[in-house]
Amino acid sequence: MTCRRARPSRLRTQPPWRPTAGRAGTRRADEEFVAYCLAPIPSEWRPEVAIEYEFRRTAKGETAANTWLREIGERLRTLPLPVPLPATDDDVQAKADRLARQAFERQSPKRAANASNGASLIGTYLALCAFCTDNFIEPPAVKDGTVEEVQGAVARMVCRKWWRRQVGRLHQRTKEACAIELFGIVHAKKQKYVTNANVRRWERQKRRNAAYLEGLEAVNQHDYAATLAELAEKSTANPAIRRGELLARARGFEEIARGLEHTAFFITVTCPSAMHAKRAVYRKGKPVRVRDNPSFDGTTPREAQQHLCKAWAKTRAYLQRRGIRLYGFRIAEPHQDGAPHWHLLLFMPAAAVKPVREAVTRYFLTQHSPDEPGAVKNRVKFVPIKMDATHSATGYILKYIAKNIDGYKVQQDLFGDDAIEGAARVNAWASTWGIRQFQQIGGAPVGVWRELRRMEAAPEHTPLIETARQAADAGDWAGYVKCQGGPAVARKDLAVSLTKTRPGERWCPIAQAPEPAPLTRYGETRPAGVYGVLDTAKDRAFESRRFKWEIRRATSTDKARPARAAAPWTRVNNCTPQPSGACAGVPSAALDGFADTWPAPAAGLSLFSASPVTPSTDWFPPPDHYPPEDFNHV
């Protein structure tokens with residue numbers, strides 16, 4: 001949320017500043033005024049603001065400097081934040097804990113006792129939504145309005161973990177927005193991509209997460225034990241594995257394009273000038289020059305990313321209507337001032353080049369400030385890529401993948417700085433603004449590929465499953481895509497898809513059958529669980545290699561007592577989630593506040609229970625009873 005558009009907080013409205021010592025205009029009153037205006041500024045930025053104030057005072061006069069400083073102080077005091085901008089991580093957590101307690105107390109005992117009454121549940125939900133809005137937190141959305149969905153939303157709004165995530169995320173993003181717009185310290189000459197304070201926060205969070213994973217170990221049914229950190233190193237959470245998988249998939253797409261004699265294009269698209277806080281001038285052999293952008297409208301990097309996503313959605317729909325299906329990859333990375341831009345490596349038939357260029361130009365340039373200076377030159381760039389014995393599309397994109405993951409074999413970035421440090425700043429930027437860095441365009445889904453790589457050869461496999469499994473096991477993305485039906489295959493036409501349990505179930509590898517899954521922390525039915533792959537033509541499912549894990553403290557000597565119940569270890573499910581309501585086996589009905597019907601709830605169903613009879617073991621206690629170690633990694 002951008003600080004420029006922040007609406008005033010009615011919770012912290014303060015009267016105008018008045019000197020408490022001496023008359024206005026005296027030296028003591030001036031010092032008091034400066035201290036008052038600097039108070040809402042984070043301590044790490046105050047020296048730079050004080051230097052800028054003295055510069056303006058000398059260059060433009062005392063009145064202009066005082067007006068500039070006073071406006072900054074007023075805007076920071078009226079930010080839509082439940083905590084002041086200089087708040088530390090501990091301050092944010094303490095405030096979130098207090099808000100969670102207040103939300104929990106806002107549930108009247110009468111409402112909790114009469115939770116089976118739909119109107120009472122609606123009242124609780126609406127009261128907590130109003131409480132969230134008063135504290136500038138967006139309440140959880142309710143789409144279908146089923147009893148379970150509304151109960152889950154209520155459960156989130158009284159959960160301390162949920163409040164810590166929401167308040168912390170809002171504080172971090174607002175602080176970064178102020179650093180970009182008000183203080184202008186995010187650029188190539190000072191702190192590129194993201195502030196140093198946020199990089200340090202991101203590194204502290206990584207260390208906390210690593211320590212948390214090291215403190216827990218998993219034991220499967222074969223008595224194999226490993227810490228969660230060791231297991232994470234074997235997944236795509238490991239930067240080396242993540243980078244290798246992306247390159248294998250890019251190389252596979254290139255092999256397919258060469259076989260089909262398709263054309264490769266490297267396209268760079270960026271946002272309009274109004275979404276950039278700074279203007280950078282690059283000249284060969286000279287240091288980069290940075291100056292303020294007078295047309296900047298306060299757009300945050302997240303809002304700029306949403307702009308690019310909407311433009312791409314229109315482009316894709318335009319091409320889809322004309323029967324043109326592309327395949328390749330999209331990489332999002334930041335400009336020096338934090339604004340995102342995209343690099344797209346796209347493969348297409350030669351006949352599709354002209355409509356693709358027209359569509360990208362239309363939705364990324366023509367419909368958004370096409371007449372601004374430099375728009376045609378900088379906003380959209382098309383670079384054809386040769387694919388022969390000496391040229392490779394994968395080699396072209398290799399640098400962009402490496403420098404946005406871990407800087408592997410990239411010695412220096414665009415500004416001459418160390419690439420490893422630059423990769424850390426890029427990752428902190430993506431984490432802060434919630435921006436997805438890499439996305440596959442077209443082709444077969446990677447989720448099925450990962451499941452096939454977990455399988456071993458078996459005589460009962462169909463020829464298609466075994467061929468796809470061998471291709472995935474060998475890292476042959478091109479062979480896997482061919483088994484699925486080619487790079488232009490639609491999801492509904494996949495030859496091999498994921499096979500899942502029903503919602504509310506998980507796969508038991510010991511019994512080789514589905515079993516009831518515990519409810520989520522918020523009392524909701526767990527989504528369907530993946531347990532293998534399906535040959536869609538023959539309608540035969542095959543289980544992948546799975547284990548049932550028991551999670552416990554690594555230092556615990558009591559190996560029979562788990563530290564926390566855990567579901568079987570599974571890969572990420574990239575498929576569209578199963579819809580709730582009737583499709584999920586639950587009567588689809590909405591609350592009075594959302595629709596005209598409301599089904600009779602099960603008898604004895606309390607507001608926070610797992611079933612009509614037994615309270616959920618996965619439910620959480622009131623805020624006072626949380627063990628502190630549950631939050632060290634949040």
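Helices here are DSSP runs of H or I with at least four residues, strands are DSSP runs of E with at least two, and both are numbered from the N terminus. This is a predicted model, so keep in mind the cut-offs behind these views: local features need pLDDT of at least 70, side-chain atom pairs count only at pLDDT 80 or more, and totals for chains, interfaces and linings use all residues. Residues are numbered from 1 along each chain as its sequence is written, and side-chain values use heavy atoms, with hydrogens and water left out.

**View 1. The whole chain, before zooming in.** Take contacts (heavy atoms within 4.5 Å) between residues at least 6 apart in sequence: 70% of them join residues at least 24 apart.

**View 2. Two residues with a positive phi.** Phe136 sits in the loop between α6 (118-134) and α7 (147-156). Its phi is positive, about 65°, although it is not a glycine. With a relative accessibility of 11%, Phe136 counts as buried. Asp223, in the loop between β1 and β2, also has a positive phi of about 65° without being a glycine. Buried or exposed, then, for Asp223? Asp223 is exposed, at 65% relative accessible area.

View 3. Strands pair here if DSSP finds at least two bridges between them. This open sheet runs β2-β1-β15, with antiparallel pairing. Its edge strands, each pairing on one side only, are β2 (225-227) and β15 (550-553). Neighbouring strands are turned by 30° against each other on average, direction ignored; the axes behind such angles are lines fitted to C-alpha atoms, for helices over the stretch in contact, and angles run from 0 to 180 degrees between N-to-C directions. Four bridges join β1 (residues 216-219) to β15, and Leu216 stands opposite Arg553 in β15.

**View 4. Rings around Phe253.** Aromatic rings of Phe, Tyr and Trp (its six-membered ring) pair if their centres lie within 6.5 Å; planes under 30 degrees apart are stacked, over 60 edge-to-face, and the rest tilted. A search of the whole structure turns up 17 aromatic pairs. One of them, Phe253 with Tyr327, is tilted, at 5.4 Å centre to centre and 55° between the planes. Phe253 lies in helix α11 (residues 239-260) and Tyr327 in strand β6 (residues 327-334), so the pair ties together parts that are 74 residues apart in sequence. Both residues are buried. Phe253 also pairs with Phe329: the centres are 5.8 Å apart and the planes at 55°, so this pair is tilted as well. Phe329 is in β6 too, so the link with Phe253 in α11 spans 76 residues of sequence. Which residues make up the cluster? Phe253, Tyr327, Phe329, Phe347, Trp449, Trp477 and Tyr480 form one aromatic cluster.

**View 5. Arginines over tryptophan rings.** A charge sits over a ring if NZ of Lys or CZ of Arg is within 6 Å of the ring centre and within 35 degrees of the ring normal. Arg249 lies over the face of Trp477, 5.4 Å from the ring centre. The charged end of Arg330 sits over the ring of Trp342, at 4.6 Å from its centre.

**View 6. Phe542 and its neighbours.** Phe542 belongs to strand β14 (residues 540-543) and is buried, with a relative accessible area of 6%. Leaving out residues up to four places away in sequence, Phe542 touches several residues, including Met455, His461, Ile465 and Tyr531. Met455 is 87 residues from Phe542 in sequence, yet their C-alpha atoms are 9.0 Å apart.

How values were computed: Buried < 20%, exposed > 50% of the residue type's maximum accessible area, 1.4 Å probe, protein only.
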